[in-house]
Amino acid sequence: MKLIVTVVGRDRIGIIASVTKILADNNVNILSINQNILNGFFNMILFAEASENSIKLVDLQKKLREQGEAIGVEIKTQHQDIFDAMHKV
Amino acid sequence: MITIEDILETNRMITVNKLDVRTITMGISLRDCAHPNMRDFCRNIYDKITRSAEFLVKTGEEIESEYGVPIINKRISVTPIAIVAESCKADSYVPIAEALDKAAKQVGVNFIGGFSALVEKGYTNGDRILIESIPQALANTDLVCSSVNLASTKAGINMDCVREMGEVLKRTAELTRDRQAIGCAKLVIFANAPQDNPFMAGAFHGVSEPDKVINVGVSGPGVVKHALEDLKGADFTTLAETIKKTAFKITRVGQLVAQEASRRLGVPFGIVDLSLAPTPAVGDSIARILEEMGLESCGAHGTTAALALLNDAVKKGGLMASSHVGGLSGAFIPVSEDEGMIAAVKAGSLTIEKLEAMTCVCSVGLDMIAVAGDVSASTISGIIADEAAIGVVNNKTTAVRLIPVPNAKVGDVVEFGGLLGYCPVVPVNHFSSEAFIARGGRIPAPVRSLTN
């Protein structure tokens, strides 16, 4: 399954490291990362691919959400299908 | 390839503009539950509902989490109870409503619809018992919704039932007077009721539907309003095109959720209902879309045209986004559930007469309108008759969900709570309809040619 991870929050050192570590630990492959800082705010959209056998999406969402809370950013993980459904005919 | 802009747009719709899937509704046929003994019958329906919908709420929550789109309600609709209960030897169907309520609570859904009768041409004995049971059934239960279809384009209007429903509404209000007559918020009186509607309080599982089915209702007035905010002064062609594109995107989410729910539950996908359903929250209002088009307040002259454009464009955009469209499909105008409508009633720009005109061009009818406690049953029946006539002659669904709040007077504000919202008591015409309603009988089906 393809995933979109969106991270928004106040910038600090190590946001990407902590997010990508969780992805690596759970066998999730990163396809592309788009990241910038706007007025001190960190924005990242990460495209990834995971095997449904290795982790359930709801469990991965929980791990990332908890990590986000720990470092003060909002991490949202969604199945890519919702974006495909809305924007591809 | 999905672009960053696409992702941001979708997530903005969800977080800022309150895009949600309003309901996943599982339709369940109870035709195989009939039994002459009331206790056995109630056990049969309880067992079938709890077995069929065991994983409905859990599945809905999983889909909500995985796609990141809120799914507000999980609901059940069942075969009209008047049909399946008919062979029961009983003079009240209140125990059946209680069994439905218990089953709904067991599986954790928000509402269960189908305490219903279809009587546009006349009553059977089961219809009669069901309609008599409605006030007590709605007073004794929390989650059961009831509906009566009393008119259709092919059959005309059952005026005996129109008269009776005025009295049923008054009795329902009386029995739930300590809860702002909340029973009436769970009772819809239809003309041309659809068989596959996922929205409450009017949902039931039609007799021509499969054993089980998944129907999904979308929402998203806030998304449409946001799209129009960038179009100040643009002409109506541009407005209609923008609404179509927005409705397409909203409906695609509904279609995705419907397909996923159907696959995971192993239940066939029925339809997506293209409705724009408001909530009392700021930013989730149909009235504010109409005002965004250039009206000072909803109800001003031009409101009916604005609503007609909105309703039509939503259907055109949504139709291509879903493989099967059905239900009520259009814009809803429930007064107490729409922050902009509430404000318009308070400001004096929106009246019951204007609302009636609006129902000629939109999805349902006179919906969630509080009227004074001293409005007579025959006046309520008159309102029902007018609304049924609009539906029958124009070959569309119309409905009435009025709440005659005991002791409330025009100008009082009545609180229903949650998604049902709050509403100022709306004035109605005070001249009598009594002799008209007392006639009874049927208004014949209308001619379908010579359409002038």
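This is a predicted model: local features need pLDDT of at least 70, side-chain atom pairs count only at pLDDT 80 or more; totals for chains, interfaces and linings use all residues.

Reader: Thanks! Which residues in H8(B) meet H9(B), and which residues in H9(B) do they meet?
Author: On the H8(B) side you'll find B:Val223, B:Val224, B:Ala227 and B:Leu228. Their partners in H9(B) are B:Leu239, B:Thr242, B:Ile243, B:Thr246 and B:Ile250. By class, that contact has 7 nonpolar residues, 2 polar ones and no charged ones.

Reader: At what angle do those helices pack?
Author: H8 (residues 221-229) and H9 (residues 236-265) of chain B pack at about 145°, and their axes are 10 Å apart. The crossing of H8(B) past H9(B) is right-handed.

Reader: And is H8(B) mostly covered or mostly open?
Author: H8(B) is mostly covered, with 8 of its 9 residues buried. The buried ones are B:Pro221, B:Gly222, B:Val223, B:Val224, B:Lys225, B:His226, B:Ala227 and B:Leu228.

Reader: What do the buried residues of H8(B) pack against?
Author: They pack against H9 of chain B, along with helix H1 (4-15) and helix H10 (286-292) of that chain.

Reader: New topic! I clicked on B:Val213. Where is it, and is it buried or exposed?
Author: B:Val213 sits in strand S7 (residues 212-218) of chain B. B:Val213 is buried, because 22 other C-beta atoms lie within 10 Å, and 20 or more is enough to count as buried.

Reader: Which residues is B:Val213 in contact with, leaving aside its neighbours within four places in sequence?
Author: Those are B:Gly27, B:Val267, B:Pro268 and B:Gly270.

Reader: How far is B:Val213 from B:Glu132?
Author: C-alpha to C-alpha, B:Val213 and B:Glu132 are 29 Å apart in space, and 81 residues separate them in sequence.

Reader: Let's zoom out. Which domains does the assignment give for chain B?
Author: The assignment for chain B gives domain 1 (27-191) and domain 2 (219-443). Their C-alpha centres lie 22 Å apart. The contact takes 37 residues from domain 1 of chain B and 39 residues from domain 2 of chain B.

Reader: Which element gives the largest share of the domain 1 side?
Author: H7(B) does, with 11 residues of the side of domain 1 of chain B that touches domain 2 of chain B. By class, that side has 22 nonpolar, 9 polar and 6 charged residues.

Reader: Now for chain A. How many helices and strands are there?
Author: Chain A has 3 helices and 4 strands, and along the sequence they follow the pattern β-α-β-β-α-β-α. The radius of gyration of chain A is 13 Å, close to the 12 Å that the globule rule gives for 89 residues, so chain A is as compact as a globular protein of that length.

Reader: How much of chain A counts as buried?
Author: Of its 89 residues, 27% count as buried. Among contacts in chain A between residues at least 6 apart in sequence, 66% join residues at least 24 apart.

Technical notes: Residues are numbered from 1 along each chain as its sequence is written. Chains are lettered from A and ligands numbered from 1 in the order in which they are written. Axes are lines fitted to C-alpha atoms, for helices over the stretch in contact, and angles run from 0 to 180 degrees between N-to-C directions. Helices (H or I, at least four residues) and strands (E, at least two) are DSSP runs, numbered from the N terminus. A crossing is left-handed if the near helix is turned anticlockwise from the far one by less than a right angle, and right-handed if clockwise. Two residues are in contact if their C-beta atoms, placed from the backbone, lie within 7 Å. Ala, Val, Leu, Ile, Met, Phe, Trp, Tyr, Cys and Pro count as nonpolar, Asp, Glu, Lys and Arg as charged, and the others, Gly among them, as polar. The radius of gyration is taken over C-alpha atoms; the globule rule is 2.2 Å times the number of residues to the power 0.38. A residue is buried if 20 or more other C-beta atoms lie within 10 Å of its own, exposed if 12 or fewer, and partly exposed in between; C-beta atoms are placed from the backbone. Domain bounds come from an automatic or database domain assignment.
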